[in-house]
Amino acid sequence: MSGSIMALSTGAIEVGHQPPEFALELTRDATQMRIPAKHIGVSDAMKETLAQEEGVRLTVYRDVAGYPTVGVGHLVCPEDRLKVGDTISFERALRLLENDLRQAERAVRRLVGDLMLYQHEFDALADLVYNVGEGNVSENESPMLNRAIARGEYRDIARELHYYHAAGAKAKGLVYRSKRREAIFMDAKYEDPRPAGIGVTRLSDA
């Protein structure tokens with residue numbers, strides 16, 4: 001729900017003069033009902049999950065696939081003007097995260113089209129796009145996922161959220177992340193599925 005609508009006082013709303021869709025807009029809550037993806041953004045719970053999975057790294061490093069990365073899993077691009085070994089501030093890491101999340105949200109909306117989603121379903125798809133990139137969820141690269149979306153088969157969508165490989169090899173961390181992603185999509189369970197004592201090992205830089 002947009003902040004502009006939430007900011008309106010009840011005294012400023014002439015309900016009798018509003019179109020029916022306006023009243024519906026006031027009651028949209030993706031935690032309680034499926035609504036169009038255009039009305040949903042990444043939740044705070046999903047942001048915390050991303051930070052746990054990606055870590056918060058203030059020094060540019062190479063990820064498991066060899067790509068320069070910094071912040072919360074941000075892939076360094078030319079306009080960042082950064083190279084491996086450079087450091088950034090925590091504030092810049094947060095700005096990069098918010099920008100990447102906006103891109104992921106737009107990508108999810110393009111992916112699902114008119115499909116109605118719960119908040120947790122949107123979050124899981126946003127995590128997928130954030131993790132593997134929009135190109136890898138295209139119809140050519142992920143035909144079964146796109147077919148499940150087109151048919152509105154939510155259980156089949158959940159089964160297609162598993163991506164295990166990086167640089168041609170199966171990565172154990174991605175196996176756990178995929179399980180977590182499916183649990184988020186199906187049951188709104190954001191907890192880390194790793195056995196006690198394993199945990200995510202990416203730590204913030206001092």
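Reader: Let's start with Glu121. Where does Glu121 lie?

Author: Happy to start there: Glu121 lies in helix α5. Bear in mind that this is a predicted model.

Reader: Why is Glu121 called buried?

Author: Its relative accessibility is 3%, and buried means under 20% relative accessible area. The value of 3% falls under that cut-off, so Glu121 counts as buried.

Reader: What makes the pair Glu121 and Arg34 a polar contact?

Author: The side chains of Glu121 and Arg34 come to 2.7 Å, and a polar contact asks for N or O atoms within 3.5 Å, one able to donate a hydrogen and the other to accept it. The pair meets that limit, so it is listed as a polar contact. Beyond neighbours within four places in sequence, Glu121 is in contact with Arg34, Met116, Tyr154 and Phe185.

Reader: How do you know that the length of α5 agrees with its number of residues?

Author: The helix has 14 residues, and at 1.5 Å a residue they should span 20 Å. The end C-alpha atoms of α5 are 20 Å apart, so expectation and model agree.

Reader: What makes α5 a mostly covered helix?

Author: The count does: 13 of the 14 residues of α5 are buried. After the helix comes Gly133, with a positive phi near 90 degrees.

Reader: Which residues touch the most other members of the largest nonpolar core?

Author: They are Val112, Leu117, Phe122, Leu125, Ile157 and Phe185, in a core of 45 residues. Several elements each supply at least two residues of this core, among them α3 (44-54), β2 (57-62), α5 (119-132) and α8 (172-187). The largest share, nine residues, comes from α4.

Reader: What does Phe122 touch, not counting residues up to four places away in sequence?

Author: Phe122 touches Ala37, Ile40, Gly41, Val42, Glu105, Val108, Arg109 and Leu117.

Reader: Why is His74 called buried?

Author: His74 lies in strand β4. Its relative accessibility is 5%, and the limit for buried is under 20%, so His74 counts as buried.

Reader: What makes His74 and Asp80 a polar contact?

Author: Their side chains are joined at 2.7 Å, and the limit for a polar contact is 3.5 Å. The value is within the limit, so the pair qualifies. Leaving aside neighbours within four places in sequence, the contacts of His74 are Pro68, Thr69, Asp80, Leu96 and Asp100.

Reader: Is Arg81 buried or exposed, and how do you know?

Author: Arg81 has a relative accessible area of 75%, and exposed means over 50%, so Arg81 is exposed. Arg81 is found in the loop between β4 and α4. Although Arg81 is not a glycine, its phi is positive, about 55 degrees.

Reader: To finish, how many helices and strands does the protein have?

Author: Eight helices and seven strands. Of its 206 residues, 39% count as buried. The accessible surface is about 11,700 Å², with 51% belonging to carbon and sulfur atoms.

Key: Residues are numbered from 1 along each chain as its sequence is written. This is a predicted model: local features need pLDDT of at least 70, side-chain atom pairs count only at pLDDT 80 or more; totals for chains, interfaces and linings use all residues. Side-chain values use heavy atoms; hydrogens and water are left out. Helices (H or I, at least four residues) and strands (E, at least two) are DSSP runs, numbered from the N terminus. Buried means under 20% relative accessible area, exposed over 50%, partly exposed in between (1.4 Å probe, protein chains only). Accessible areas come from the Shrake-Rupley method with a 1.4 Å probe; for residues, only the protein chains shown count as cover. A nonpolar core is a set of buried Ala, Val, Leu, Ile, Met, Phe, Trp, Tyr and Cys residues joined through side-chain atoms within 4.5 Å. Contact means heavy atoms within 4.5 Å. The expected span of a helix is 1.5 Å times one less than its number of residues.
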